[in-house]
Amino acid sequence: MVWRSIRLLISLGGVVLVTWVGTSLVPVNATTVAFAYLLLILVIATVWGYVEAISASLAATLAFNFFFLPPVGTLTIADPQNVVSLFSFLATALVGSRLSMTARQRARDSAARQRDVERLYTFSRAILLIEKSESMPKQLIRKLADIFELKAVVLYERRADEFHRAGPLDFEGLDEQLKDAALQGTTFSDPEQQRTISAVRLGAEPIAALALQGPQMPDSVLQGIGNLVAIGLERARAQDLAAQVEAAQQSEKLRTTLLDAMAHEFKTPLTSVIAATSALLDTPGQPMEGRMELLKIADEEAHHLKDLIDDTVEMGRLDATDIRVNAELLNLTELVREVAVSLRADRNNRPIQFTCSDVPMILADRRLLKLAIKQLLDNALKYSPPDLPVAINVHNDDSGITIAVTDHGTGIPVHEQGRIFERMYRSPSVERQIPGSGLGLSIALSIVRAHSGDLSVTSRPGETTFRLRLPVQLQEAAR
């Protein structure tokens, strides 16, 4: 009201100024003064509004009659033609101010609509760029509150029966109304509190409800927001379903891969056991020394088979759950030698060049670390020529203990070196030539990282080296 009063006074002051100029400084005829009054009224209508323009129109009509129409100095009009002129001036001023105000209002409405369209566009882009790191509904309403400058936003998701909130303020006591809107599709508006509750529909079915507190928005904008929120929720649901399908496919692929790997790995020791027992059964009268040798072979290969089964089961378990480390005091040199001995059947008399410096005892999980080292040795034996040795080097430096396994195969292409530790990844160049599951290096990396270490590879044609590093603190903890 104070600003309205000030604007009215300024408008009347403008009429006074035009009158003073027309009568004192620059004497002009009545037509020129009428146009000056009319221009002033149009400016007032454009800048401030209709009320100020009407006040200026009435004041200008009275001033025009008093100062410029004969007899001057009175409100009496002597000439009937001047009466027509006076009322024509008043009508022109009123109609012109009305048209000017209407044009101004339309410009404001157009700017508001453009701003709403830009906000809806920004919101739609934000929905497409939402990351998977956090819940989609939470990110959705947070971006809605930021883009539309809302004080509070509450989203009730009907399928999950969850409320998600954003904004500096919070709604109180509206949960039941939100649930009702999501179930029945009802709408609630409170202009005094600047609150609106509307249903979010996917097609004709309400799937959620949205409560907004902030500047009032047209129904078309509210409907657009509801449609975009519905699209966002449906996109989140589609992503969840896709993730579930992918997980199921990965699980099935993992199961098939493990079965294929088991069938291949178990074949050699099982064949040896069958050959030894068959020889005993076929020649029961052979000397005791020969029978003991066959029994020893069968016993060793049976234990080898048991180790393979344990490793395969462990690989499947580690791939599905978090790795728990049961630390004990270990001699890494002895552990590496133990693994090398367990792979003698796969070595086919291939030599292993083993070098070791003074390595201290460390605290680590024997079972897990043995499995990791076995994966590296098994990988080296598979991918290197049978007539070339595999080198193992265990040494200690300031950064910790390193177990380096080197083979002299064809090498790993540069573009594949960043992927060989991915679960179930196998190089297309060897996938059909060399059997494997694609799990070994991935699990070895997980085991090493569970011990706060790291596993890396360097490769060139004719030489590939995997380095398993365990940090210094594992050594210090063992002292």
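Colleague: Which residues make the nonpolar surface patch?

Modeller: The model is a predicted one. In it, Val-2, Trp-3, Ile-6 and Ile-10 make a nonpolar surface patch of about 440 Å². Val-2 belongs to helix α1, residues 2-25.

Colleague: Why is Val-2 called exposed?

Modeller: The term requires a relative accessible area over 50%. Val-2 has 60%, and is therefore exposed.

Colleague: How do you know that strands β1 and β5 pair, and in which sense?

Modeller: Pairing requires at least two bridges between the strands. Strand β1 (residues 152-157) and strand β5 (residues 205-213) have six bridges, so they count as paired; the sense is antiparallel. As one example, Tyr-156 has Ala-209 in β5 as its bridge partner.

Colleague: What is the order of the strands in the open sheet?

Modeller: The five strands follow the order β2-β1-β5-β4-β3, with antiparallel pairing.

Colleague: What makes β2 and β3 stand at the edges?

Modeller: β2 (162-166) and β3 (188-190) each have a single partner strand, so one side of each is without a neighbour in the sheet. From one strand to the next, the twist averages 20°.

Colleague: Which strands does helix α5 touch?

Modeller: Helix α5 (residues 136-147) packs on the sheet and touches β1, β2 and β5. Contact here means heavy atoms within 4.5 Å. The direction of α5 makes about 35° with that of β2.

Colleague: Across which strands does helix α6 lie?

Modeller: Helix α6 (residues 175-184) lies across β1, β2, β3, β4 (195-202) and β5, and runs at about 145° to β5.

Notes. Residues numbered from 1 in each chain as written. Predicted model: local features only at pLDDT ≥ 70, side-chain atom pairs only at ≥ 80, totals over all residues. Heavy atoms only, no water. Helix = DSSP H or I, 4+ residues; strand = E, 2+ residues; numbered from the N terminus. Axes fitted to C-alpha atoms, helices over the stretch in contact; angles between N-to-C directions. Patch = residues over 30% accessible without salt bridge, like charges linked within 9 Å, V, L, I, M, F, W, Y side chains within 5 Å. Areas by Shrake-Rupley, 256 points an atom, 1.4 Å probe, with all protein chains shown as cover. Salt bridge = Lys/Arg side-chain N within 4 Å of Asp/Glu carboxyl O. Buried < 20%, exposed > 50% of the residue type's maximum accessible area, 1.4 Å probe, protein only.
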